[in-house]
Structures are given as C-alpha cells and as structure tokens.
Amino acid sequence: MSRPLVRAELFLAALLAAPALRAGDLGSEVRFGSRRGAQFRVSAASGPRIVYDSGPSDPPEEDWDTVLIQGELPDPSVRFSAARSGAPGVWVELEGKRFPGGRFWAKGRFPRGSGALRLRATGDGVKAEHEVTLYGVEVFADVPDAPTVPENPPPRGPMDPDARPPLLHGRAEWKALPPTSPIPPDPLPWRVTLHHSDGRRTASLAESLEETRFIQDFHQNGRKWYDIAYHYAVDSLGNVIEGRPLETLGAHTLGVNEGNVGIVLFGRYHAPTNDAATPAQLAALGELGRFLVRRFGVEPVSLKGHRDYGTTDCPGDLAYLKLPELRRAVALPPTAIMTAPDWDAQNARTSAASPSAAR
Ligand SMILES: [Zn+2]
C-alpha cells in the first residue's frame, strides 16, 4: 500500500477515534502546598469519622469537572470525597475500583468551573492502624480532545521485518481485558516516549502483572480510554510486559501519539519518592529499544521523555536523566553492549541480585 493511502487511513481512523488519543498524564496534577500526592495514617476506631483532610489545594490552572485519584487503600472502609472552593459544603463521594491488595482509583464529577480542590477521607469501623497512599491527584475537564494531526515521519534507518522483540510477558499473562473499542492502527512507529507510572514500584513479576491489570482498569474506566495507554511496561527487575498491541495507536502523549511507542516504568522517579531505574531495568529498556530501532528503523535520537512534549514532570527527573545513556545503548549492536565496561558491570550485578532479570 502506498504511503499516501496509509496516511489518509490513519487520519480517518484518528478522526473516528478521538477518545483513544487522549494522553496519559492528562489534566492538571493537583498539589497541596506544592506537595504531590499524600500519605496518612489511619488508626483503628469504631464508628464513622474523618481520617484525613487535605485542606485546599494549590489552585489548578484550568477549569475542571472531574477529579481522579489513585493510590493504595489497604482498608476498603476508608472512602474519599472531594469539594471545590467556592462550594465548601458540597462534598462529592469518589467512586472507582479497589483491587485485591489495595491498589485503587476513584473519581468524582462536578459542574465545570474553577477553584481549589479539597479531599477528605472518612473511615467507618477501621479495624487496624494502617497507612493510605495517594500517588496521584488530578483534575481535568472531560471534553474530547482534538484529533492528532498526521505528521510526516522523519527519515528512518533500515527496517528489519525479522527483528525479534525481547522476551515479553504478554497480555494473556496479566489477564488483559480486550480493548473497549477497536484501536486505530499505527503500523510504522518512528519515535519512542518514556513515561513513569507515578504509581506502585513493583518488586516481583506477580506484582508487576497485577499493576498492569490495575493500570488497564484505571485507563479504561477511570480515564475512558480504549486500553492501557502504553505499548510496554518495564519493571525494576527488568521484566518487559506487553501493553496495548504494538502497531496500534498509543494514548500516552497528548497530541503526539502518532508513530509513537509508549514505554512506562513502574514507580515514581521524582521527588519526594525518587525511585531510581535499576541496572536490570536499563538493560531491558536497551534491549527493547534496540528491537524498535532494528524493526522499524527508529532513530535513537527519537527516544524521548514525556516532558519533551508537554507540561509534565513525567518520566521524573531520575528516569529522564538516563535518556542520553539509553539513546547510546539502543544505537549499539547487542555484542557491543555486552562488552561495554559499565554495562558489563551492571549486568553482572543484576544477574547476581535478581535471577528473574537474567535472559
Ligand atoms: Zn507520561
């Protein structure tokens, strides 16, 4: 099929599928006194009471009608509600989903308007003292985004249809649900964007598979996207997990999803959490990147961070700083990687520390 036909088809698909195009990390992150997220302890008590009150947030920059939170909620008897400054007596209960183990998201709707957000948690019959974590609090206006405008890809290197991806933990392994709607095709990526999940840093393959299933639910039902936004997830052990199918349009970078493979790292790679990418994780990213370079002729310079395209801290300072090293790694053939002194040392440490990272 000729290029113009592919472009026209993609453009039509994009017009028909606006909801799939909305970016990860959309909306405005809400901060309380310049702090992102929140963590608080809840003590055991019978009967209903307020266990957390955020006070008013820093004022969000734009009008909003939706609040969306995600974190860890060990005890389901703790529930969240939200209010907006200007209407302080009106508390909206947040509804969502809590997974076994406590990973949860919750959402509430307001009339569209401006104003600071205030969050409150109430407990009713909390049995044991525990800690609640909010990884992310966002507000946004739930309106369809403008469709992506098709772009002409830059020149690419040679493509190798026989290039094989690294060992992947596929969708069946994390019990993926099907997309809620067919995802438009995006057959010839020319760029790769790195994200962090701003969520749980997983410590085993089982946790990573659970986290992938959580993020799919958060994206499909919290954000109303067709599927998990990203094409791949890479955990701290170096496991690579399949997200939405490669060669379908991603939903991870607002306005620039076309031709863009989204890769997410589980964890929070910025202050105050400051998760650091592990050698096993960087090695897996390098292997995945080399596959994309080989398979599609992606230029290593086209490996970027989410923040290169929009107003977000994603993928966090600590992951963003690794991009120059990753660009060099994906440009090298695997044999050269194995003999590079720093990677060699890292790989040795990784294999010793983490058997599951060995490939
Ligand atoms: Zn991102």
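Select first helix α2, residues 205–222: its 18 residues span 24 Å from the first C-alpha to the last, close to the 26 Å expected at 1.5 Å a residue (the expected span is 1.5 Å times one less than the number of residues). Helices (H or I, at least four residues) and strands (E, at least two) are DSSP runs, numbered from the N terminus. The model is predicted: local features need pLDDT of at least 70 and side-chain atom pairs count only at pLDDT 80 or more, whereas totals for chains, interfaces and linings use all residues. Residues are numbered from 1 along each chain as its sequence is written, and side-chain values use heavy atoms, with hydrogens and water left out.

Remain on α2 and colour its buried residues, among them Leu209, Phe214, Ile215 and Phe218 (buried means under 20% relative accessible area, exposed over 50%, partly exposed in between, with a 1.4 Å probe and protein chains only). The buried residues of α2 pack against β6, β9 (95–98), β10 and β15 (240–242). After the helix comes Lys224, with a positive phi near 70 degrees.

Next, select the strands β15-β14-β16-β13-β17, given here in their order within an open sheet of mixed pairing (two strands pair if DSSP finds at least two bridges between them). At the edges stand β15 and β17 (303–305), each pairing on one side only. From one strand to the next, the twist averages 25 degrees (axes are lines fitted to C-alpha atoms, and angles run from 0 to 180 degrees between N-to-C directions). Strand β13 (residues 191–196) runs parallel to β17 and is joined to β17 by 3 bridges; Leu194 stands opposite Gly305 in β17.

Move to Ser236, in the loop between β14 (232–234) and β15. Ser236 is buried, with a relative accessible area of 12%. A polar atom of its side chain lies 3.2 Å from the backbone oxygen of Thr202.

Finally, show the largest nonpolar core, of 27 residues, where Val67, Ile69, Phe80, Leu117 and Leu119 have the most contacts inside it (a nonpolar core is a set of buried Ala, Val, Leu, Ile, Met, Phe, Trp, Tyr and Cys residues joined through side-chain atoms within 4.5 Å). Elements giving two or more residues to this core include β6 (64–72), β7 (78–84) and β11 (117–126). A second, separate core of 24 residues includes Val192, Ile263, Ala277 and Leu303.

Terms used
Contact means heavy atoms within 4.5 Å. A polar contact is a pair of N or O atoms within 3.5 Å; within protein, one must be able to donate a hydrogen and the other to accept it, and residues adjacent in sequence count only if both atoms are side-chain atoms.
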